[in-house]
Amino acid sequence: MKIGSVAIAGLSVLAASAFTNAFQPAALVRSGVPSRSVSFGPLNVATEPDVDSTMDSQAVTKPSDKFAVQPFKKVLASNRAEIAVRIMRACTELNMSTVAIYGYEDRYSQHRWGADQSFMLDKLESATPISAYLDIPQIIDIAKKNGVEAIHPGYGFLSENPDFAKACRDNGIEFVGPTVDNLNTFSDKTSARTAAIEANVPVVPGSDGALNSAEEVEEFVEQYGLPVILKAAMGGGGKGMRVIKNKEDIKPLFESASSEALASFGDGSVFVEKFINRPRHIEVQIIGDGTGNVVHLYERDCSVQRRHQKVIEMAPAWSLPDELRAKLHKYAMDLTSRANYKNAGTVEFLVDTATMEPYFIEVNPRIQVEHTVTEEVTGVDVVKAQLRIAAGATLEEAGLIQENISARGVAIQSRVTTENPEKDFAPDTGTISVYRHSAGCGIRMDGIGYSGMTVTPYYDSMLCKYTVRGSTFEEALARMKRTLQECRIRGVKTNIPFILNVLTHPEFETGIVTTSFIDEHPELKQISSSEWNFASSGQASQKSVGTTERSLRYLANLAINGHPSELGADPKKMSGNHNDSTKNTLPEIEIPDAGMRQILLEQGPAGYAKFVRENKGVMLTDTTWRDAHQSLLATRVRTSDLLRAAPYTNAALAKAFSLEMWGGATFDVAMRFLNECPWERLEKLREAVPNVPFQMLLRGANAVGYTNYPDNVVYKFCEQAQKSGVDVFRVFDSLNYIDNLKLGVDAAGAAGGFVEGAMSYTGDVADPSKGKYNLEYYLDLARKLVDMGVHSLAIKDMAGLLTPRATTMLVSALREEHPDVPIHVHTHDTAGSGVASMIAAAQAGADVVDSAIDGMSGLTSQPSLGALVANMANTDLDTGIDLKDIGPLNTYWENVRQLYAPFESGQLSGSSDVYQHEIPGGQYTNLLFQSQQLGLTEKWPEIKKKYAEANIILGDIPKVTPSSKVVGDLAQFMVAQNLDAESILAQADSLAFPQSVVQYLRGEIGIPPGGFPEPLRTKVLEGRGLEPVEGRPGASLKDYDFEAAERKLKATYGEKNVSEKDVLSHALYPDVFIDWKAFESVYGEVGNLPTHIFLNPMEEGTEIELETAVGKTFLIKLLSKGQVKEDGTRVVVFEVNGERWFMPVTDNSLQTEGSRREKATGPGAVGSPMPGVIVKMNVKVGDEVKEGEAVASLSAMKMESNIPATATGKISRILVNIGDKVEGDDLIMEIEEAE
């Protein structure tokens, strides 16, 4: 048969009419004739099915005049937080003065400052904060001294303590609760069980009294079997409850249950019952006047529980059969009437869902958290009724007559706690950034809190509770969902997303669940990946819910601490301009139907190569989106700025060969510094630019990393890159090592990409004195690439060493040998000859040359795209690009570049000394920045000189990532340690070389042209006990286990939060990926912030406009930064759309004398060779070490160095941890030298 809209076999109902009228007071009477209860939702509640169905909705039972108002003059709430506030509200309505008590830790709580009077509880310094609220003598003393007539204990704490009730009455203070006899009977669950048996109320088989040992539990188990449940004899709320399913758990669970009961209620007594599997938890609210007269206020369904603590409650239990509900009412009233129960209480039952038989479990002789749902459906204010009964009113005088009490509609309560469901509901603490409650029809909020409040770890984690009412369960459920979407409690973790997971679960939506529901659905706790079918996109997932909070946290941290030094933003160059200077700067342009990409897609890579060769003019590749900003701005240009230019670029450069926009350093920098997903960058730009082929830079066997990877990683990376939008793979190897190149070529080809085999250019083919890098070297390399099946050949001139003469010689020779293969030339304009060299390349037969939009060209970037277009226009080399279309794009990038001024290297002109030091353009600015970070700014000319020297020491090698990094690391090391070539060789076996240098010499990135430098290599390896790598470094690596990695990542970040692309990112850069995810968890997706907001710290008074979606705008004003607190934090106060948000931020600038590190002096002292971060510790105190042995590793920017032991002996002291920042010569550890 159906109950509401749900079919439930075997259940009967009295009626199924839906109540759709507005809520009316529910204690109704018709001229002294009992009225039939009003329908509520899917069925009627009635104790008498044959009563008159008519009623006068205006006739309401009222309390007698004697108790209508001011039953007492002054009442003390002997509790805290939400329930104390609830008590005081009832007192205020009854025109009674209120008194609060509070612990020191509660001094900012609403219940303290909301009371008419409040008094702090003293406690011993060693005592817990909770203990203050359990101090009976002190509470009584406060009450007596301040004229308190009654004490309301609320729930928890002393609410069920007979000694407290007795102390109140012994001192002439009325206890707002049951009598001492009632408490003696019912606060002890074993005596309550006895009373139930005597009242013929069915009970679960259990122990006759409290148990004192695990052995007694074992005896019970021998008789009744497992499972059983232990319960605290005193108190409730799930405290002291343990389910025992295995015999070996009896002793530890008994001890933990008893210990928890003692801590919670001051009594460690427990008893045992047979555990009923998958029951429903139903409780009946009763009120008695102590004369045997008892009324019930219907029942509540409290089956949604976690660890025996209620999470969501409903009134009434509408989906139970009416006969069963009536039976529960009778049991509750028989038991409490027989005991002459006084005041409010709850009789609780478990209903065995297999048999639908009820079993008494306990009486809670107090008000309960969930009393609000009963109030909402009956219209009875339970707390006010308690106060009237305590003042001596009979039920009738209190206005409580059973036949006049009815339940209307359905109410649902959700408890909002500051807990993290994904960490097993661990309590969270901190500052509430904003506290805004839901409101509207049928919504009630009971709780405490306010924006800026500090949540402490000392008390229960409940912050507030929402109670909603609807005419049907479905309406109440929809209202609760809306309530939790509308409220804003930010700054601390809450269980709200967990509750939403419960409310939206199909099983819960039927209205019928058991106490096992949450345990049976552990996925409910996975909140970080939660998604809900809500129309509001901002509320449809947990990820979107916290967007504003995380953005504000980023802005607050930026305002206090600025950017981390690793980002490389010069604070002196920050414009402080929060106006969006690049918005709407590009005009409308006609979008062509197709571009070069359509030819590539239609004809395939081979067809596109043929098209390029047959093209009459010269084609261009625009590097603005990758190499240009890598060379000028340390790869710091963000996706949002590329996206703004994307539609216009798609049209203006539709005839370009490609846009170089991904790969190389852009991949790790996106995560490492910009905190963006590199895959999202690729895919968003691909969607915005459908007509121009996308080109990426693939480092051969190194993919987009600085090391070797298993072959399957490189293959899978290329496969995914092609799927996400890459068309052209420019494949190179930093040492031109053929085996590494072949792996990259094969992987890109297998992915279906256009494969461009690149030769890393160094030396000067026009100068015979330049040694091994002559014309024949490159021709031989090109032959090998063509034999691999590449679709085009590229000359990758990383430093801008190609003079026009050398360009003509090399391109002409390549064209002659490979007439059918497209030739693509890349250079840097460091010396200022880039345009001339590219025109020379075109004249010599090159099909494609690289360039950058004018505003991002020159210096260490590529030559000017506009200059090439203009100089070759109307000639046989015409690029097909209209110069007029380039102008607006150039203006846009000039404006963008101003935003990134903090990342400019400071270069004002080209530098012809590049022909001497050969520093690649992309490395030039990075190396300059790293030198500044290492305190070597004034030694920049020397670093350039040492770079050339380091290159020769390492064997005169091609220099491009990662080989350029090796040379750069060695150069900086030589400057920092004041070393030359002679001293390097002399001390090669003991110097603390950068890790990259050791890896290179071992052969971990391949074999350089002409082999490794000797005897340097041998001395370095032998001094460290290392064996050389033979052959291709990655060939011996085992396949990467992507499935295992995916399982591990999903276990960490959530099933829905990890994609195949994330797994790839982690495989390539595990530490960077983890750091990025950690950043994202705190600050969110900062890529969505406009650059003028992302880069420029806000000052007090600054107001910005942040558009988070079309039609969704936030006005954010920074009001104050706050003073530094004892814990080193400041509270940054924002005004967001006129509402204040409080964001605590740790001030990283604070440094005390004690935080300054000792310096390394004397024998056995191991110091930091340069500023950096400790990334690895290889030893612990007491370990034996040998001189030269690596004891730790230091990372300075991208350079990782081993720190060697300075002596042979035992580690006596370690002064750093992994992650610590150190300066040069800071003491890392000390070695007690061996005698």
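**From the chain to the sheet**

Modeller: The mean positions of the 121 positive and 163 negative charges of the chain lie 3 Å apart, where Lys and Arg count as positive and Asp and Glu as negative, with His and the chain ends not counted, and where each charge is placed at NZ of Lys, CZ of Arg, CG of Asp or CD of Glu. The model is predicted, and local features therefore need pLDDT of at least 70 and side-chain atom pairs pLDDT 80 or more, while totals for chains, interfaces and linings use all residues. Residues are numbered from 1 along each chain as its sequence is written, and side-chain values use heavy atoms, with hydrogens and water left out.

The chain holds 42 helices and 46 strands, which are DSSP runs numbered from the N terminus (helices H or I, at least four residues; strands E, at least two). Of its 1235 residues, 59% are buried, that is, under 20% relative accessible area with a 1.4 Å probe, counting protein chains only.

The part to look at is an open sheet of three strands in the order β11-β10-β12, with antiparallel pairing; two strands pair if DSSP finds at least two bridges between them. Because β11 (242-244) and β12 (270-274) stand at the edges with a single partner strand each, one side of each has no neighbour in the sheet. Neighbouring strands here are turned by 25 degrees against each other on average, direction ignored, with axes fitted as lines to C-alpha atoms, for helices over the stretch in contact, and angles running from 0 to 180 degrees between N-to-C directions. Between β10 (residues 228-232) and β11 there are three bridges in the antiparallel sense, and Leu230 has Arg242 in β11 as its bridge partner. Helix α10 (residues 250-265) packs on this sheet, where it touches β10, β11 and β12, and its direction makes about 170 degrees with that of β11; contact means heavy atoms within 4.5 Å.

Six bridges join β35 to the antiparallel β36 (residues 1112-1120), and Leu1106 stands opposite Phe1114 in β36.

Notes: Buried < 20%, exposed > 50% of the residue type's maximum accessible area, 1.4 Å probe, protein only.
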